[in-house]
Amino acid sequence: MSNNKNASEIQAVDTTERITKLRTLFKKEEYNLTAYVIPSEDAHQSEYTAACDARRAFISGFTGSAGLAVVSTDDAALFTDGRYFLQANKQLDHNWTLMKQGIPDVPTWQEYLVQNLPKDSRIGIDPTLITACDAKTLKESLGKVGSSLVSTEENLVDLVWGNARPPRPCNPANVLPSKYTGRSHDDKIANLREELSKENYYGFVVSALDEIAWLFNLRGSDVKYNPVFFAYALITKDDIILYIDEKKLSNEVKAHLGSSVKFRSYNAVFEDLRHLSVKFKSDNQKLLISTRTSYALTLAAGEDNTESARSPILDAKAIKNEVELEGMRQCHLRDAAAVINYFAWLEQQLSAGNVLNEIDGANRLEKFRGEQEDFVGLSFDTISASGPNGAIIHYSPEPKTCAAIDPNLLYLCDSGGQYKNGTTDVTRTIHFGKPTEQEKRAFTRVLQGHIAIDRAIFPKGTTGYLLDVLARTSLWKDGLDFRHGTGHGVGCYLNVHEGPHGIGTRIVFNDVPLQAGMTVTNEPGYYEDGKFGVRIESVVLVKEVDTPHNFGNRGYLGFERITFVPIQTKLVDVSLLDPIEHKWINDYNAECFKKVSPFLKPDSLGFRWLERETAALK
């Protein structure tokens, strides 16, 4: 049954005792700290972490996936971006100051350490949780005011957490057959070695969990929603070493990897890098590390022995092969059938007067996904948000505080699944009653941005940074906008957020041009605090397109949509549409019916809902 509370009633955790214990550690002779930095990420710079690595959430009470905490002798500050302002405001207690990143005059956490702390401060950090690049930049900034960055051998938050800290997962790794991957791991490693040889690198330390899973054609379940396992890898011209707890490896996995892959314990990577550092120097070669590799790994190898660059695996993984692209297409059709069945069921339940809360809805959606072929699990925690909760961009319903799904309010559902042949991420905003004119206008402005991205054709070499404006222009006409990116890459039965590309206003999105074979989401939105949220999200593939001309002989790209859940036409303000947009909506909804109806039982609730929702917009 429903608990009728909404997000405004979320209770903050009292962090007083935790912060007090942490500050007590500052005073110990071996530390002598002014402040301690607690990032969100784990030792592999993962966005989503295992429970044992959720240190920032433990110390601050804020559970959003992005943010960083700084605890000093006198203050505690939580830094996060616009996706989480509302959530952080509700979850932080009186000990904390929320630092809203991206707002004018609000410092970054690095600037805060330099400007807000006394000169000659000692700033502690766990070196496994900060990248070597960030550590180098931070040390330089702190040095200008006489302050220093202090690496602590033990994580101080772990000491505060004590025995209550969850154990590190040790779930088995599994082989992902070539019928899903399209390439053998031997081929991938051979290509990687070619890239390393071209630049005369001794080898490459692989620390990102999704890169290790992709490289070896293995998957795991150590991190919720992400089919990865805890490991490091070292690839040199002579050796392939996988640093992993061997309890994870079955005979099938060992046979799959073959005799060329050596196994060492998970933490032995640090010891091996210290020993190898002598060899780097004698061979006059350097070890390649990713820009996302931890400072601790760099220290082990020796800072002078390493060179930092974007991971070559990151780029190779982002461009999907034909087997992966077809797998993404197919899993999105089955996923669409699950979402359509869910919306049809939910509408029927609400029309019958049954009271369901947001978690009831999320659980039922997961059940519908579970009926689909090759379904493994969810790709992230379902955002099932009614009315004002939809304005919390990364809202996650909690059992004690989630709201009833109100048929008279907008309902935003952002969800996704992990399938053996792909990963999905889809958001639709729907209304089970009669929407207001304000809701319809906001929805239509968001939809126009979605259509503009979907229809974009652009020359090769164009970045997502340059395309982002297309998603916002219609919103800007009404003085509206949204505080998140327009699109992120999506893994193929891997992490739902994948780089190095994306569509957004952050300058990092200008570093990597979109290329054929990449996947990216198209997800503009608008959020009216305390009232409603609108987001429309589909996954698209970047593809080559034919154009009447080819200026500069560059070649042109566009998008192939692979998400087929219909746009609810009763939320559309037709007066705002131009003829091309009007036609796009009808063509898209017709395509949804054509492609997804074969996956639904004829005359079933879902089939009838799809048939009705894809009727032409007049």
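## Annotated regions

The unreviewed UniProt entry assigns the annotation "domain: Creatinase N-terminal" to residues 18-154. UniProt positions follow the numbering used here, feature names are shortened, and annotations may be inferred rather than shown by experiment. This is a predicted model, in which local features need pLDDT of at least 70 and side-chain atom pairs count only at pLDDT 80 or more, while totals for chains, interfaces and linings use all residues. Residues are numbered from 1 along each chain as its sequence is written, and side-chain values use heavy atoms, with hydrogens and water left out.

Residues 18-154 are 30% helix and 20% strand, and the end C-alpha atoms of this span lie 17 Å apart. Helices (H or I, at least four residues) and strands (E, at least two) are DSSP runs numbered from the N terminus.

## Domain assignment and interface

The domain assignment divides the chain into domain 1 (15-164), domain 2 (174-318) and domain 3 (322-614); such bounds come from an automatic or database assignment. Between the C-alpha centres of domain 1 and domain 2 the distance is 29 Å. Contact (heavy atoms within 4.5 Å) links 18 residues of domain 1 with 22 residues of domain 2. The two domains bury about 1500 Å² between them, and carbon and sulfur atoms give 59% of this area. Buried area is the accessible area (1.4 Å probe) that two parts lose on being put together, summed over both. H44, Y48 and A132 supply 36% of what domain 1 buries against domain 2, more than any other three residues.

Polar contacts (pairs of N or O atoms within 3.5 Å; within protein, one able to donate a hydrogen and the other to accept it, with residues adjacent in sequence counted only if both atoms are side-chain atoms) join 8 residue pairs between domain 1 and domain 2, both residues being at pLDDT 80 or more. On the side of domain 1 that touches domain 2, helix α5 (residues 132-143) provides the largest share, 4 residues.

## Salt bridges

A salt bridge requires a side-chain nitrogen of Lys or Arg within 4 Å of a carboxyl oxygen of Asp or Glu. E303 pairs with K139, their closest N and O atoms being 3.9 Å apart.

In another salt bridge, the closest N and O atoms of R165 and D53 are 3.7 Å apart. R165 lies in the loop between α6 (156-161) and β7 (174-175) and D53 in the loop between β1 (35-39) and α2 (55-60), so this pair ties together parts 112 residues apart in sequence.

## Backbone exceptions

Most residues other than glycine have a negative phi, and most peptide bonds are trans. Q45, although not a glycine, has a positive phi of about 60°; Q45 is located in the loop between β1 and α2. The peptide bond from G499 to P500 is cis, with omega near 5°, and P500 belongs to strand β23 (residues 498-503).
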